[in-house]
Amino acid sequence: MQGNDIVDLLLAQTQSNWRRKGYLDKIFNANEIFLVSSAENPDVMVWLLWSMKEAAYKIHNRKTGIREYAPKKLVCSILSKADLTLGMVNIDKAIYFTKSSINSAYLHTISSPVQHQLDKIKISIYEFPNHLSNYRNTKPACVSHHGKYLALTY
Amino acid sequence: MTKEAIIAALKTIIKPYSEETIVLETLSENTDFIKDLKINSANLVDIVLDVEEKFGIEIDNDSMAKMLTVQATIDVIQSKLGNNAGE
């Protein structure tokens, strides 16, 4: 099983005001809020943690059949930051590993319950208007869509 | 507070976060925020915060976890207001 989540950073800027009073308290635990407040670029840190949670939730939801809006139950840790950010998300007793790539336009995270499987995930990212119109036929394992971007993983 | 009054208030709250105008106009208990209204998951927080402000209630994490449909949201609001009348 695998998950993926893409964030169009330009759209996120106008679509969500995470600085709104009470916002971060609803979605992040104390350590995650610390990561945001101490980050060089707090906007990117918010969407990095959010996409890690989303990518992990997509697997967890399919595995357990539980559908809920409980972002604080998904606890993020960042393991290493280089070109790619490696992380881990704990929910209940499950662990999901994540790998995120960040550029100025978008942030993309893939997730897997098995760390070494992350390297085997194939990623295709399309930018509007050059979307792959019949992408369902390519049988992606996970689809994520936000703003201008469509991300497929296989 | 009646179900109808809550639905009317929810329509106003949800409007800025959904482009599905027809679904929004015909909002019912069965409407799903993500599947039907295509609301971005990061904007569901805004809806929760707006509901808290509008109804003067505090929504805990367990209640928020259920808030994926209009029905679940009505249930949360009515139970927090301590008022199940108006059926």
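The model is predicted. It holds 1 cavity of 30 Å³ or more. About 40 Å³ of space lies in the largest cavity, whose lining is formed by A:Y57, A:H60, A:I66, A:E68, A:I91 and A:D92. By residue class, this cavity lining comprises 3 nonpolar, 1 polar and 2 charged residues.

The largest pocket has a volume of about 1400 Å³ and a lining of 41 residues, of which A:E54, B:I34, B:I39, B:N40 and B:S41 lie nearest its centre. Two or more lining residues come from each of β1 (3-8), α1 (9-15), α4 (42-64) and β7 (142-146) of chain A, and from α3 (41-55) of chain B. Among the contributors, α4(A) gives the most, with 8 residues.

The second largest pocket is lined by A:A39, A:E40, A:N41, A:V44, A:M45, A:L48, A:K81 and A:I102. Here too α4(A) gives the most to the lining, with 3 residues.

| Pocket | Volume | Lining residues by class |
|---|---|---|
| Largest pocket | about 1400 Å³ | 20 nonpolar, 11 polar, 10 charged |
| Second largest pocket | about 160 Å³ | 5 nonpolar, 1 polar, 2 charged |

An unreviewed UniProt entry places the feature "domain: 4'-phosphopantetheinyl transferase" at residues 3-64 of chain A. Over residues 3-64 the chain is 69% helix and 10% strand, and the end C-alpha atoms are 14 Å apart.

Note on methods
Residues are numbered from 1 along each chain as its sequence is written. Chains are lettered from A and ligands numbered from 1 in the order in which they are written. This is a predicted model: local features need pLDDT of at least 70, side-chain atom pairs count only at pLDDT 80 or more; totals for chains, interfaces and linings use all residues. Side-chain values use heavy atoms; hydrogens and water are left out. On a 1 Å grid over the protein atoms alone, a cavity is a set of points where a 1.4 Å probe fits but cannot get out, and a pocket is an open set with protein on both sides within 12 Å along at least five of seven lines; lining residues have an atom within 4 Å of a point. Grid points are joined across faces, edges and corners, and a volume is the space filled by probe spheres set on the points. Ala, Val, Leu, Ile, Met, Phe, Trp, Tyr, Cys and Pro count as nonpolar, Asp, Glu, Lys and Arg as charged, and the others, Gly among them, as polar. UniProt positions are given in the numbering used here, feature names are shortened, and annotations may be inferred rather than shown by experiment. Helices (H or I, at least four residues) and strands (E, at least two) are DSSP runs, numbered from the N terminus.
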